[in-house]
Amino acid sequence: MKKITIAIDGHSSCGKSTMAKELARRAGYIYVDTGAMYRAVTLYALRNGMFNADSSIKTQMLQNKMDDIHIHFVVNSETGRPDTFLNGECVEQEIRSLEVSNHVSPIAALPFVRSALVAQQQQMGRSKGVVMDGRDIGTVVFPDAELKVFVTASAEVRAQRRYDELQQKGMPADYADILRNVVERDYIDSHREVSPLKQAPDAILLDNSHMTIEEQNEWLEQRFKEAAKAI
């Protein structure tokens, strides 16, 4: 069976990464979490004082440092899934904090950030056999992907999932703050000038508001088998 490219786009906290990681494991494909890449750049900016007091970005400062930001993924031997590394440091937990969530959408909207990371993503998927999730994979990064899925769920459901995830990790969480963040990120992601979040015309829509993780995984695996057979 020929290998294909799988692009999974959708709103924040709708379970894209969980689905994509599991499909990659089942299919023996490479998984790339593009959202983690933008979060890593955001963490770098936070650590290096690249935000003003009003949360606006010191864009020139960040642009000057983009060549110094190196992101890669290493499979965790315990979980069997990839962890995100920023300049050689595992930052998988740090990039999932609410502070990073509150700052990532403006960072991801910067044209020079998107250009740099899209180029890296396209290089990662050049040989196919890849599952990639994000906001613009099916529309910008891999417009010719053999399987495109657009995932969504209600803002309330996504906020609750994010809250539960942070609680399980022992990280501070407030549902009202998380819901506000989810709504704000939806607006920013959908209205930015460069690569806005939108469903590709040939993408399959999945609303997983009332689905279990296993139901999502089974649904996606079936779509994958259908797409791979069609090649």
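1. β3 and β4 make a hairpin with six residues between them, and Gly80 in the turn has a positive phi of about 75 degrees. Strands here are DSSP runs of E with at least two residues, helices are DSSP runs of H or I with at least four, and both are numbered from the N terminus. The model is predicted, local features need pLDDT of at least 70, side-chain atom pairs count only at pLDDT 80 or more, and totals for chains, interfaces and linings use all residues. Residues are numbered from 1 along each chain as its sequence is written, and side-chain values use heavy atoms, with hydrogens and water left out.

2. β3 and β4 run antiparallel and are joined by five bridges; two strands count as paired if DSSP finds at least two bridges between them. Within this pairing, Val74 has Asp83 of β4 as its bridge partner. β4 and β5 also pair in the antiparallel sense, over two bridges. Leu86 has Glu89 of β5 as its bridge partner, and Phe85 has Cys90 of β5. The hairpin of β4 and β5 has two residues between the strands, and Asn87 there takes a positive phi near 50 degrees.

3. These strands form an open sheet of three in the order β3-β4-β5, with antiparallel pairing. β3 (71-75) and β5 (89-90) stand at the edges with a single partner strand each, so one side of each is left without a neighbour in the sheet. β4 is mostly covered, with five of its five residues buried. Buried means under 20% relative accessible area, exposed over 50%, and partly exposed in between, with a 1.4 Å probe and protein chains only. Pro82, Thr84 and Leu86 point one way from β4, Asp83 and Phe85 point the other way, and all are buried.

4. A second topic is the parallel sheet. Five strands form an open sheet in the order β2-β6-β1-β7-β8, and the pairing is parallel. Its edge strands are β2 (30-33) and β8 (204-207), each of which pairs on one side only. From one strand to the next the twist averages 20 degrees. β1 (residues 5-10) pairs with β6 (residues 130-134) in the parallel sense over five bridges, and Asp9 stands opposite Gly134 in β6.

5. Helix α2 (residues 34-47) lies across β2 and β6 and runs at about 40 degrees to β2. Such axes are lines fitted to C-alpha atoms, for helices over the stretch in contact, and the angles run from 0 to 180 degrees between N-to-C directions. Contact means heavy atoms within 4.5 Å.

6. Helix α1 (residues 16-27) has 12 residues and reaches 16 Å from its first C-alpha to its last, close to the 16 Å expected at 1.5 Å a residue. The expected span is 1.5 Å times one less than the number of residues in the helix. The buried residues of α1 are Lys16, Ser17, Met19, Ala20, Lys21, Glu22, Leu23 and Ala24. Their cover includes β1, β2, β6, β7 (147-152), β8 and α9 (213-229). Just after α1, Gly28 takes a positive phi of about 75 degrees.

7. Helix α5 (residues 111-124) has 14 residues and spans 20 Å from its first C-alpha to its last, close to the 20 Å expected at 1.5 Å a residue. Phe112, Val113, Arg114, Leu117, Val118 and Gln121 are buried in α5. The buried residues of α5 pack against α2, α3 (59-65), β3, α4, β6 and α6 (137-141).

8. The largest pocket has a volume of about 1,100 Å³. Of the 46 residues that line the largest pocket, Ser17, Thr18, Arg96, Arg162 and Glu165 are the closest to its centre. The elements giving two or more residues to its lining are α1, α2, β4 (82-86), α4 (98-108), β6, α7 (155-168), α8 (175-191) and α9. On a 1 Å grid over the protein atoms alone, a pocket is an open set of points where a 1.4 Å probe fits, with protein on both sides within 12 Å along at least five of seven lines, and lining residues have an atom within 4 Å of a point. Grid points are joined across faces, edges and corners, and a volume is the space filled by probe spheres set on the points.

9. Ser13 counts as partly exposed because its relative accessibility is 24%.
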